[in-house]
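Have the sequence open alongside.

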Amino acid sequence: MSSGNAFEAPQANQAGRFTYVNPFNELHTSSPLNHARSPKPDASNEPKKIEILKHSRDTTSSQHGEAGTAHQSVAEVLEGVGERVDKQVEKALAEATQPALKENDFKKENALKKEKIDNGNEAGDVQSSWESAEEEISTSMVEVYSLPMKPFISVQIKAASTKRPARPMRQDNYMQIATLKKDFDQIDRSLATASQTHIVYAQVATKKDNGGFRIIRQDSGTHKQVFRSSGERVFNVQLCTVEHDVETVLGTGVSGSVFWTSLAKSRGDLFADDDVEAQGFVMPAVQTVEENTSGSPVKTRAKMSSRHVEYFAIARGKHIFIITPDKVKEDAYCSSETRKVDSEKYFADHTLKINTGKAGKDFCWSEDDTVIASLDKNGRFKFWDVRELTTRACDLNEVKHDPVELAEPLWTMNAATSGSKPDEKPSVSSIMFLDKDRPMTKGCALRYVIIGFKQNHILQLWDLGLGKAVQEIRLPHEKDSDGICSISYHPTTCIITIGHPTRNSIYFIHLSAPKYKLPTMPQARYISMLAQSDPSLAKPDSTAIMSGIREFSFARIGELRSVDMLRVPVENAGDKGTPEETLFELYIVHSKGVAGVSIKREDLGWDAAGKMVNPKDGLKEGVIEVTDLVPPQKAASETTGTTESPTKQATKQASVKKAETAKSATPTKPDIKKEPVATPSPAAANGVPRDSFTAAPSVSLPSTSTNPPLNTADSYSHAAQRSKSPNQAVLTPEASSKAMVAPTSTAIEPTVSYEGIDARIGQQFESLYQRLDADKRVNDAAAGARQDALLRLVSSTLTENVDASLNKIISARIERDVVPALTEVTGKVIDRKIAESLPKELNTSVAAAMKAQLSTTLQSTLKDKEIQRAISDITGNHVAAKVQERVDQLLQKQLPGMATQASQKMIADLESRLGQQQRSAEAQRQQDNAKIEELSNIVRTLSATMQDMAASQTAFQEQILKMQRENKSAPQPSANTGSDSASAEVQAEPEDQDVARMTQMLIDGRYEEATIQWISSDRQAEVFDKLFVRVNPSYLTTVSPLVALTVSAAVTSSFDTYVEQRLEWLDLVLKHIDVRDNDIRDVAPKIMDVIAQRLQGVYMQISETTPNDPTLRTVMSLNKNVQEIRRICQ
């Protein structure tokens, strides 16, 4: 064959002669896919730490000895081969697609190719490589497989095959975040998430000190691991971000613990110094009743609220708890060192919970956080109004209270997969609210819910307005132990992203939601109106469906573990509405690490206008299979009941009409000839087997019952007669005689024919019964429609006649009775109203007109000097006399009273001011007296101290004189020895006396005197080591604030000994400093500076010797307190 020779390679024994140039090698060299890839790609464009494996066709030419060398010489030496190879390939493709090639030629060619492949010829490998190259070229644009645009169907997505492989993920927008090894675990959910400020991913936790999760800043890349030493692996992380400067992180551990912490968006430069773990807590799981009664483990599910960082929810067993983090972090429940929470104590004091009745599988918050939708293991999903619980959770002033339990849901519905059996237990996995962009952005009521079954491999779209499921998507699924599929939704593009770990693929499904008018209302109110069938809520006339699907393979990068979506990208690669615009970002955890992928319009198969570039019909391409969405349980029983009774009626009708049918069914001769009698495997004239005719009635029944235009009984009766005519023809004598004289008949043929006839007659009668049953249903429907139309006609006619009669009667009565009376009454009313209102209106109107018209005239007239002089002459004397008289009267009558009131008010003000000044002076005097008394006590104490020191000095001098006298009288060696011992004794005696004196003061309760003597001593560190280290520092609360503040400097004078005790004393002093005291505010900054320097020194000293010493954390905490006091006092 000429078309096959152009693609056949030479035999293996000629491969080393290099006289033949394989066109596939030339095609590989000139392929645009290889032109796009540079031999040495720029390192900046490559994804970090990702190795892209070469395609298998790159190694095809090196399978037979020196073929690899030949391929290299052809690629280096030949130039301009690409155009010639392209022409050859186009010519070969044109010849291969010509319709003139017959079926026998195809069979021979396939047989020849199979024989060559079996013999180990290279042509098979070359051809498969050419086919893969053709497929890659043809998939340059993303294929969008459309789904049927109709509701109430179940769509089965077929797994991609070698002929239709999944498109690999585009890697030019691929970002490697972390490199780690992550093995598969079925419990894993969302292992990485992100906001515009932070990235969070769960640690692998292969070691005890590698638990918790890691937080990365988006702007700087600064990162830190939180809850490292928890010893528990986190399998789910979430971020809640609001418009304020706070983000919260929520993690769930495999042992049921919940990890929570808060982050500041604007503290990017201080992120490395922030103690994020100290701002959060670890909340261990509390054992539930279900764990004691059932052997199965109870799982913990924690979910962030949609728009509030003040609370979140934890589901365990059959309860969902509303948690307030600010209350959990209180010292009464959370340990300041380990950050672990006493969960039992917290729930005993602040329990806000929902009782779902059954053990829950999943739950979710609505977009406005007014509703929680719970999903239990029996497939029931319930909607709960949680506004009262969240209001109490936000009230931080609320004291301890008895447990508050919500047990009555707003609405309850059951979910099950299409066609499930009544006794089959639904394997539900997840639930999620979704809708169009506007309600999602505004945070109001949403209309649609997605429920996941069997590890989210089956997704069911529910329309709450209709109260039922409208569509079902079935993804490829192998077994129940497969990993759960990750689901996220982007409302702006209406794209549902599904991460499929078993397929190692990512699906993008488009949700087509119609426009509908729903007043802006909370989700709780909308659910309540639906549950009560509120008539003010308009019934929907359309619904949403999933209309398109794309699949991307992740095999080149790693094995998929989880996928999460960032709806608003951090940095957009292009302007809005352009092809380069980043629509959203995916944060993916795979077997080799954590990565981020930017999704653009090109990845979704869209152009700049949002239209599909390469649309394909999913049914025609064999990508999907479509069946009806069969409701479970109740719908199945109703269907059974409705199909049994018409069958019995059809049996009776068939027995009555049997004779008429036999008479009317007179078959034509061609029909009789098309029905052989004795052939074992008969076939009709058109090449279709006879068995296909028997199956035809059952295939056409659904279209008959669901197609309203075919509502006449004649169509079904004619079809039944045509289908029965061959069988009836066999029963007629004419047909039997023709069968006896057929050349292929034998003596055994009549017996075989009659046995087949009995079966065929039974089948045809059963088909006839079904058709009669369908005919009856159609007739009933047609009769109902006709009756309905007749009633509507009668109703409209009666309405028109009644309207006309009423119009005439009412018009006549109005003209005769109403109009005269109305005219009379109106006249009276108008007269009265005019008499009442006209003067008022005229006064205001005339005044306004006069004001508007006369103002300018009067102004111009009054400016005339002559007029002014005349007016002044006329009115001057008169006005002067009147004014003089009026002033005299005012002075005589009002001046004394006004003077008296003014003087009384002045006296009262002076008295109040003097009283206030006197009180303030008295308070100041008392304060001064207290300070004077305090200073007097200090002076007296210092005087006593000086006297004691003078006495000690005198004694010391006497001892020295005595020792000198002894030295003169005694021999020289012994004198020296005695001098040394006396000196030591004399030196030790004052020190011991000081310690003993301060000890006695403390015993006598004179704490302030003892403390003042200590802080005034030049041996503060030594005295602390000998005496005060054994004293409880709580007595400092009884001394004056200045003395206590001075103790903070004395206790930190040295950290060579008793470091922990000195830090304890310093912590107590700092806690009881009153920064509102003016005396404290004056001296505190200097003392705090000294203490801060000393704390930094001891921190450096300890960190050099023992870096893991827990004392370092105490020093850091005290240093923060010192800095805070210094800042406040300044």
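## How two helices cross

The crossing of helix H25 with helix H26 is left-handed in this predicted model. H25 covers residues 1041-1051 and H26 covers residues 1059-1071. Their axes lie 9 Å apart, and the helices pack at an angle of about 155°. Angles over 145 degrees count as roughly antiparallel, and the pair H25 and H26 is therefore roughly antiparallel.

Which residues in H25 and H26 meet? From H25 come Ala1044, Leu1045, Val1047, Ser1048, Ala1050 and Val1051, and they meet Arg1062, Trp1065, Leu1066 and Val1069 in H26. Sorted by class, this contact has 8 nonpolar residues, 1 polar and 1 charged. As a reminder when you look at the spacing, an α-helix has 3.6 residues a turn, so residues three or four places apart point the same way.

## What covers H25

H25 has a set of buried residues: Val1043, Ala1044, Leu1045, Val1047, Ser1048, Ala1050 and Val1051. What covers these buried residues of H25 includes H26 along with helix H23 (1007-1015), helix H24 (1020-1026) and helix H27 (1078-1105).

## Asp376, at the end of a strand

Now move to strand S18, which spans residues 371-376 and holds Asp376. Is Asp376 buried or exposed? Its relative accessibility is 3%, and buried means under 20%, so Asp376 counts as buried.

The side chain of Asp376 is worth a close look for its backbone partners. One of its polar atoms lies 3.1 Å from the backbone nitrogen of Asn378, and the side chain of Asp376 also reaches the backbone nitrogen of Arg380, at 2.9 Å. Leaving out residues up to four places away in sequence, Asp376 touches Lys358, Ala359, Gly360 and Lys361, as well as Lys382 and Val428.

Lys181 has 64% relative accessibility, and exposed means over 50%, so Lys181 counts as exposed.

What does Lys181 contact beyond its neighbours within four places in sequence? The partners are Val204 and Ser591. Ser591 is 410 residues from Lys181 along the chain, yet the C-alpha atoms of the two are separated by 5.6 Å.

Definitions and conventions. Residues are numbered from 1 along each chain as its sequence is written. This is a predicted model: local features need pLDDT of at least 70, side-chain atom pairs count only at pLDDT 80 or more; totals for chains, interfaces and linings use all residues. Side-chain values use heavy atoms; hydrogens and water are left out. Axes are lines fitted to C-alpha atoms, for helices over the stretch in contact, and angles run from 0 to 180 degrees between N-to-C directions. Helices (H or I, at least four residues) and strands (E, at least two) are DSSP runs, numbered from the N terminus. Angles under 35 degrees count as roughly parallel, over 145 as roughly antiparallel, 65 to 115 as roughly perpendicular and the rest as oblique. A crossing is left-handed if the near helix is turned anticlockwise from the far one by less than a right angle, and right-handed if clockwise. Contact means heavy atoms within 4.5 Å. Ala, Val, Leu, Ile, Met, Phe, Trp, Tyr, Cys and Pro count as nonpolar, Asp, Glu, Lys and Arg as charged, and the others, Gly among them, as polar. Buried means under 20% relative accessible area, exposed over 50%, partly exposed in between (1.4 Å probe, protein chains only). A polar contact is a pair of N or O atoms within 3.5 Å; within protein, one must be able to donate a hydrogen and the other to accept it, and residues adjacent in sequence count only if both atoms are side-chain atoms.
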